[in-house]
Amino acid sequence: MSAGAGRGPQDSRAQPLAPLWCFSAALGMLWTPASQAFNLDVDKLTVYSGPEGSYFGYAVDFHIPAARTASVLVGAPKANTSQPDIVEGGAVYYCPWPAEGSAQCKQIPFDNTNNRKIRVNGTKEPIEFKSNQWFGATVKAHKGEVVACAPLYHWRTLKPTPEKDPVGTCYVAIQNFSAYAEYSPCRNSNADPEGQGYCQAGFSLDFYKNGDLIVGGPGSFYWQGQVITASIADIIANYSFKDILRKLAREKQTDVAPASYDDSYLGESHYMTFIQNFTGEQMASYFGYTVTVSDVNNDGMDDVLIGAPLFMEREFESSPREVGQVYLYLQVSALVFSDPQILVGTEVFGRFGSAVAHLGDLNQDGYNDIAIGSPFAGKDQRGQVLIYNGNKDGLNTKPSQILQGVWASQTIPSGFGFTLRGDSDIDKNDYPGKGFFPLPARPVVTVDAQLLLHPMIINLENKTCQIPESLSAVACFSLRVCASVTGQSISNTIGLTAELHLDSLKQKGAIKRTLFLDNHQSHRIFPLPVKRQKSLQCQDFVVYLRVTVVGFITLSLSFCLLP
């Protein structure tokens with residue numbers, strides 16, 4: 001008879017559904033694969049609140065102007081401000097991190113003014129319209145610079161007859177919010193739908209690595225859309241409150257596309273100045289609603305993730321299910337991409353893929369991880385965020401963690417997961433956290449376990465052990481359980497609770513063929529504190545055979561990581 005083990009999973013990770021982190025594998029032989037557990041810290045999340053009905057949280061970003069300095073920026077595009085006669089102009093809030101005591105989020109005073117006016121035929125008329133402009137619909141920070149936009153900002157145009165064109169506008173803050181400047185690149189003489197009159201500048205927003213600003217205007221040129229770039233330094237240097245029409249010398253804008261680029265209604269995402277096109281597979285799936293770049297498989301080349309939150313699954317044509325999809329295109333060589341890996345949502349009308357965020361390497365395995373928002377999924381449409389770990393071939397097909405929204409729907413769903421931000425270590429524990437409000441990452445502990453059996457082959461006639469309080473001699477073997485831990489920024493001592501099952505493949509209620517010698521049980525739970533500097537921490541047991549055994553005996557060992 002030999003003592004052996006069933007084959008355990010190569011990498012077992014469990015979701016933190018209880019205060020303990022647990023991981024297990026069926027073990028035997030002399031060495032087991034590493035078991036890992038990690039999670040974003042749902043027990044110590046920080047919740048910021050804004051005015052009711054303001055859409056507080058519609059946009060978020062981390063503001064990290066210097067080392068060991070962090071805060072959270074939150075857009076509330078339907079908030080009221082102190083601007084005279086402006087209704088629901090929108091606002092951006094500065095929220096301190098960490099949120100200590102009664103510290104509250106404060107409105108950032110990007111713009112405290114009323115609508116500017118001009119004199120027409122002896123009468124002052126507003127030249128701009130800031131009510132319901134959705135300021136704070138987009139917010140981005142780059143080092144010490146912060147930009148927020150109002151894509152539904154309207155202006156009168158220069159025509160004799162008053163009109164209201166939704167050109168959009170943005171505001172820049174620098175020097176720790178001590179100086180501000182406006183930037184409205186589509187507010188010019190090229191009005192009306194065929195020009196930039198419906199531009200909605202600031203509908204999307206980002207920074208280049210060098211700090212230059214990128215502004216999306218989806219409504220320009222009969223909704224062909226355009227991208228505009230400018231230097232923050234130029235915006236600040238050329239700003240004048242009285243000069244409502246400004247053109248920056250080094251500003252760059254994409255122009256109207258030629259007629260040969262006809263709409264297909266499938267949706268497209270253009271990457272790297274139109275060299276590469278990614279095309280959706282289903283009309284009205286909103287393919288391209290969100291686009292994220294991340295080197296998922298760590299090969300040194302950027303990969304592209306594209307969300308299609310309205311994708312309809314048509315397993316049965318008579319009853320399609322709107323589940324949403326996310327497409328991952330791996331870059332295999334310069335500007336050459338593989339066919340997509342497709343992640344599919346599981347909840348109807350959950351809007352899976354409404355937000356996709358690069359998180360950095362959460363579990364420190366060398367591959368970047370991704371968060372996907374499904375803002376109307378979960379219990380009572382509270383929303384979910386699903387965490388997918390990267391690997392050498394792309395993303396794991398199943399999420400390693402699902403974060404649940406905690407706010408029940410009232411008149412409309414709370415939208416948890418509608419906006420995601422990640423790859424910022426705001427709590428400075430050397431692990432990138434994420435925010436849809438800030439959610440820090442707990443340290444990752446890698447446990448290497450050993451289960452040593454002696455002898456490996458047991459002679460049933462060699463009865464060398466005696467059962468306590470009995471004269472019966474039995475065949476037995478020694479069992480040693482060992483573990484070591486590694487990880488970045490972990491405690492000097494890691495508290496593990498080990499659980500060991502003998503003859504674990506026997507059905508419940510069946511007679512176990514092996515028992516622990518000291519307590520006559522087949523199941524044992526025991527503490528196993530492990531010091532980080534120590535190579536192995538071990539505990540020994542003696543196991544005896546109570547009946548004649550033919551074949552293998554499977555031993556199962558699992559660990560729980562104490563909080």
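I call a residue buried under 20% relative accessible area, exposed over 50%, and partly exposed in between, using a 1.4 Å probe and protein chains only. This is a predicted model, where local features need pLDDT of at least 70, side-chain atom pairs count only at pLDDT 80 or more, and totals for chains, interfaces and linings use all residues. I number residues from 1 along each chain as its sequence is written, and side-chain values use heavy atoms, with hydrogens and water left out.

**Entry: the disulfides**

How many disulfides does the structure hold? I found five, each disulfide being a pair of cysteine sulfur atoms within 2.5 Å. A reminder to myself: a disulfide is a covalent bond between the sulfur atoms of two cysteines.

**Entry: C465 and C476**

I read 1.9 Å between the sulfur atoms of C465 and C476. The torsion about their S-S bond is about 60°, so I noted this disulfide as right-handed. C465 lies in strand 39 (residues 465-466) and C476 in strand 41 (residues 476-486), so the pair ties together parts eleven residues apart in sequence.

**Entry: C482 and C538**

Next I looked up C482 and C538, whose sulfur atoms are 2.0 Å apart. This pair links distant parts of the chain, with C482 in strand 41 and C538 in strand 45 (residues 537-545), 56 residues apart. I logged 110° about the S-S bond, a right-handed link. C482 is buried at 1% relative accessible area, whereas C538 is partly exposed at 30%.

**Entry: C186 and C199**

I then turned to C186 and C199, a disulfide with its sulfur atoms 2.2 Å apart. Both cysteines sit in the loop between strand 14 (179-183) and strand 15 (204-207), 13 residues apart. I have C186 as buried at 1% and C199 as buried at 0%.

**Entry: a nonpolar patch**

Which residues make the nonpolar surface patch? I listed L45, V47, V406 and W407, covering about 340 Å². Patch residues have over 30% relative accessible area and no salt bridge; like charges are joined within 9 Å, nonpolar side chains (Val, Leu, Ile, Met, Phe, Trp, Tyr) within 5 Å. A salt bridge here is a side-chain nitrogen of Lys or Arg within 4 Å of a carboxyl oxygen of Asp or Glu. I placed V47 in the loop between strand 2 (35-37) and strand 3 (59-66), and V47 is partly exposed at 40%.

How values were computed
Helices (H or I, at least four residues) and strands (E, at least two) are DSSP runs, numbered from the N terminus. Accessible areas come from the Shrake-Rupley method with a 1.4 Å probe; for residues, only the protein chains shown count as cover.
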